[in-house]
Amino acid sequence: MELSRRDVLAALAAAGGGGSLAGCVAPAGDGEERGGGTLPAHATETLVAVAGVVYPSAVEGVREFVESYAAGRVAGDPGHRDGVVAAVCALDDHASAWHGDRFVDLHEGLRDPTLRTLGVDEADPNPAGRPRERVRYYLVNDLLYALYTTPTGGELAGIENPQGYPGGTASYQRGPRP
Amino acid sequence: MSGADRAPVASADVCVVGAGPAGALVAAELAPDHEVVVLEAGPRFDDSDREERMERAVRPAHGPESVWEMGGQRDAYSSTGERFYPLNRARVKGVGGSTLHWQGMVMRLHEQDFRLRSELGVGADWPLAYADLRPYYAAAERALGVAGADDNPFAPPREEPFPLPAFPPSYSDALFADACERLGVATHSVPNARNSEPHDGDPACQGYGTCKPVCPSGAKYDATRHVAAAESAGATVIDRAPVQRLEHGDDGERVTAAVYATPDGGRHRQAAREFVLAAGGVENPRLLLLSASPQYPDGLANSSGAVGRYFMDHLFAGVGGTVDRPTRQNHVGFNTTESHQFYDRPSGERGAIKLEFLNYAGPSPVEVALGGDEWGDELLSTVRERYGNHVAVGALVEQLPRRENRVRLDPSETDDRGNPVPDVVWSLDDHARRTVERANEIQRAILDELGADVTWTVGPENTGPAFHHMGTTRMGDDPSESVVGPDLRTHELRNLAVVGSSVFPTGGAMNPTLTIAALSLLAADGLRERLRRAQ
């Protein structure tokens, strides 16, 4: 199922701290950090890598969705941006200690176990908590919140108007599709 | 911004304490012709923050009190009764008050609700009859833009259509309707204070599914609408201005000033000709008790000893489970079908029961996704497994007024201004337990008829409050037993009115806000007349 621009807009609307798609461009991808109010390219790449682990395999267009969502999410919300960057640092520290590489540089098969050895799977999300709790909040749960409040994420779960998405008042009256 | 310097307003006619629905309606009614000032303890929230509050409500890292910034020393409280009362989950302090987080269900009380003592020998009679309040109910429905239909065979008589068409029933309502029909249980629509179509400059419901505690679209009524109307008509609204005490004159017959604090540590005196206490069912009695004076050592308007007494809430009763087919829950955050068939009491043995057929039974997909310890395909499987086939029937259940249930001052703990915090003393009696049990019987019968696998029950042992604070400044004709008269004025201080559900002598089992609104409009009529006569 393909994530679309409509899904990005829905995810940004649900994440009230976020900005808009205006001026949104693909991250530099060369490790250069962009200016204030934007997310460093490495942080965006890490979010894409984490999404590759936590999003279901049936979802397509993950990179474009995450890049656009992440850029819009931090625009005008420096606190969230700083939280994401700090969580990426925490995840990289752990990945480096265990495998000698940053999270994005790990082989894809190592990313899931790396999150688990940090304890992110069982951690309570906490924006001011321990490293695994911040990774859970700013990386994993932020991505899951973005996905499951979109029409496409909702459709995957069996609901075309998921909580957090302003999908109108027609769908609640309809029965299941055959 | 209105009242930006938080200075008192000179020559005020009316001082309203509290900018929730009760106070906002009074202010909006009187502001066109009088100088009105509203003192609100909490902040003025920015509408543009509502999506952020919605995220806070959905994501598990944030507690429910954080959504509208409740808690901390400002809102410290005690709860020393048999049952813990989660006060700060039950209210919002700020411009708009608790309508910022309410569900938005608006029903009229039934005729029987007004005469329980004389008809059934329990509770208390109101000093008003349904007929007295009926025109105010109609006006309140117009003011709140209620969406409803005249299809409820158990509702009291009404005189005009609802302002907006009712929300159509949900898919799961149809499943319930069949089961209920086989059982002889009549179902009908729900009056909602949310726009089923664009109305008066506000949008139609957009289906965010998070009505309680946040409506990001503004389609759900909240009292900021009437605060805005009051300000447009010239009223001054001062936020973050908690009233510390009411002062009275030497004759003890009139309030002379409301003393309020400001964020900069200042204290001010707001004088006015008339005062309206509209701070909710806990802060209304608390402020009267905090305003004790040598002449009134037990608190203002408290010669009856009833201030703070007879605290009531509605109890939640519910049965839920799953069925073997999709039920399409959590598309919206409000209900579209109820049954009031079991509302009126056949005797004094049990109280009123209002059945609600939930449109949000079971977890939503995003709630499952954020609360688990899986991800990827495994998480999606769990989401699909846990979402989709839940059903639930809830109920509001009546609690009778009991003198021992009360709001009192706890001098052992103080708030951020050094005032004793409120202590909510709350317990259940056998009458309430019996009524919850009866609600559960009906709910189980319906779910059995639906073929549901029942997985949870909220019964007498694990019931909780519906967050409707009532009874603590009760209305009555007899000054020795009540705090305010049928015109909502206190028996002792003739320029002090109290509005809100604290004046309810009994609470029935209907969500209280429509009655709160109707009583505010009634009180405003009295205030308007008194101000006219004084001119």
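A salt bridge here is a side-chain nitrogen of Lys or Arg within 4 Å of a carboxyl oxygen of Asp or Glu. By that rule, three salt bridges link chain B and chain A. In one of them, the side chains of Arg59(B) and Asp142(A) meet, 2.6 Å from N to O.

Before going on, a word on the model: it is predicted, with local features needing pLDDT of at least 70 and side-chain atom pairs counting only at pLDDT 80 or more, while totals for chains, interfaces and linings use all residues. Residues are numbered from 1 along each chain as its sequence is written, chains are lettered from A in the order in which they are written, and side-chain values use heavy atoms, leaving out hydrogens and water.

Now back to the interface. Here 44 residues of chain B are in contact with 49 residues of chain A (heavy atoms within 4.5 Å). The two chains bury about 3,900 Å² between them, 57% of it on carbon and sulfur atoms; this is the accessible area (1.4 Å probe) lost on being put together, summed over both. On the chain B side, Arg59(B), Arg328(B) and Trp375(B) lose the most area to chain A, together 21% of what that side buries.

Let's turn to a sheet in chain B. Three bridges join strand 11 to strand 12 (residues 353-357) of chain B, and Ser339(B) has Leu355(B) as its bridge partner in strand 12.

Technical notes
Two strands pair if DSSP finds at least two bridges between them. Helices (H or I, at least four residues) and strands (E, at least two) are DSSP runs, numbered from the N terminus.
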